[in-house]
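Hi everyone, thanks for coming. Let me put today's protein on the screen, and then we'll walk through it together.

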Amino acid sequence: GIFKSDDIQGHQRYAGYADALRDCNLPMEDWQLFWYNTEGKAQLLSGEFPEALVQALRRCTAVVCYNDEIASRLEDYMMRRGLKVPQELSIVSFDNSLYSDLSCPRITSLSHKEHNVGRLAAELLIRLMQGELCHSESAPWVLMEKESS
C-alpha cells in the first residue's frame, strides 16, 4: 500500500486497506507500506520512486495506491523496468480520475460513481450556514474494474 500521511483521506484509505487485509486473513507487515507527504509527492510524480519501495514492490503481487495520479506514475515506472502489469503486479487506486483511464493498461480504481462528494459537502455547508441541523453523510465506494488488476 502507498498512502499519503498528511491528510485525513490517506489515513481513511489506509484504514479501509487494513480492514480488507484483516477480513481476508492476510498479513500486514511494515515493509508492505509506504507513506509519503505533500513535500515528498513531487518526487513520486517525477517518476523517481525510492529504492526501498521498488524493492518491496518486487516482493508483492498487488499494490493499492492513494490515488490514480500516484498509481499511473507507479505503473509507468514499473513497466519501464520490465515488470508486467497486471501479470506480475496488479495496481488498484482511488478516485477513478482521468489518470486511471489515460494509463495503459487502464487502472482499476475505486469511485464514488454518481455521488458527487464535492457537491454534497457544499450543500451541507450551505445548510449549516443557514442554521440547519446537519449530519455527516458518506458516499459508498464502487470498484471500477479495468485492466491493471
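**A walk through the fold**

Of the 149 residues in this protein, 38% count as buried, where buried means under 20% relative accessible area, exposed means over 50%, and partly exposed is in between, using a 1.4 Å probe and protein chains only. Please keep in mind that this is a predicted model, in which local features need pLDDT of at least 70, side-chain atom pairs count only at pLDDT 80 or more, and totals for chains, interfaces and linings use all residues. Residues are numbered from 1 along each chain as its sequence is written, and side-chain values use heavy atoms, leaving out hydrogens and water.

Let's start with the overall layout. The protein has six helices and six strands; these are DSSP runs numbered from the N terminus, with helices being H or I of at least four residues and strands being E of at least two. Reading from the N terminus, the order of elements is β-α-β-α-α-β-α-β-α-β-α-β. Along the principal axes, the C-alpha atoms fill a box of roughly 55 × 30 × 30 Å. Among contacts with a separation of 6 or more, 68% come from residues 24 or more positions apart; contact here means heavy atoms within 4.5 Å.

Now for the sheet. In what order do the four strands of the open sheet come? The order is β3-β4-β5-β6, with mixed pairing, and two strands pair if DSSP finds at least two bridges between them. At the edges are β3 (62-64) and β6, each of which pairs on one side only. From one strand to the next, the twist averages 20 degrees. Helix α4 packs on this sheet and touches β3, β4 and β5, and its direction makes about 160 degrees with that of β4. Such angles run from 0 to 180 degrees between N-to-C directions, and axes are lines fitted to C-alpha atoms, for helices over the stretch in contact.

Let's zoom in on β5. Strand β4 (residues 90-94) and strand β5 (residues 108-111) run parallel and are joined by three bridges. Three bridges also join β5 to β6, but that pair runs antiparallel. Ser-109 of β5 is the bridge partner of Ser-93, and Ser-109 also stands opposite Met-144 in β6. In a regular strand, side chains alternate between the two faces of the sheet. Here Thr-108 and Leu-110 point one way from β5, Ser-109 and Ser-111 point the other way, and all are buried.

What about the nonpolar core? That term means a set of buried Ala, Val, Leu, Ile, Met, Phe, Trp, Tyr and Cys residues joined through side-chain atoms within 4.5 Å. The largest one has 22 residues, and Ile-2, Val-63, Cys-65, Leu-74 and Ile-91 have the most contacts inside it. Which elements each supply at least two residues of this core? They are β2 (34-36), α2, α3 (51-58) and α4, and α4 gives the most, with five residues. Leaving aside neighbours within four places in sequence, Cys-65 is in contact with residues including Ile-2, Leu-74 and Ile-91.

Next, helix α2. Helix α2 (residues 38-45) packs against helix α4 (residues 68-80) at an angle of about 35 degrees, with the axes 10 Å apart. Lys-41, Leu-44 and Leu-45 of α2 meet Glu-69, Ile-70 and Arg-73 of α4. At the N-terminal end, Asn-37 caps α2, with a side-chain oxygen 3.2 Å from the backbone nitrogen of Glu-39. Just after α2, Gly-47 takes a positive phi of about 90 degrees.

Glu-48 sits in the loop between α2 and α3, and Glu-48 is partly exposed, with a relative accessible area of 47%. Ser-148 lies in the segment after β6 (142-144). Is Ser-148 buried or exposed? Ser-148 is buried, at a relative accessible area of 0%. The side chain of Ser-148 reaches the backbone oxygen of Ile-91 at 2.5 Å. Beyond its neighbours within four places in sequence, Ser-148 is in contact with several residues, among them Glu-75, Pro-105 and Thr-108.

Technical notes
Polar contact = N/O pair within 3.5 Å; in protein donor to acceptor, adjacent residues only side chain to side chain.
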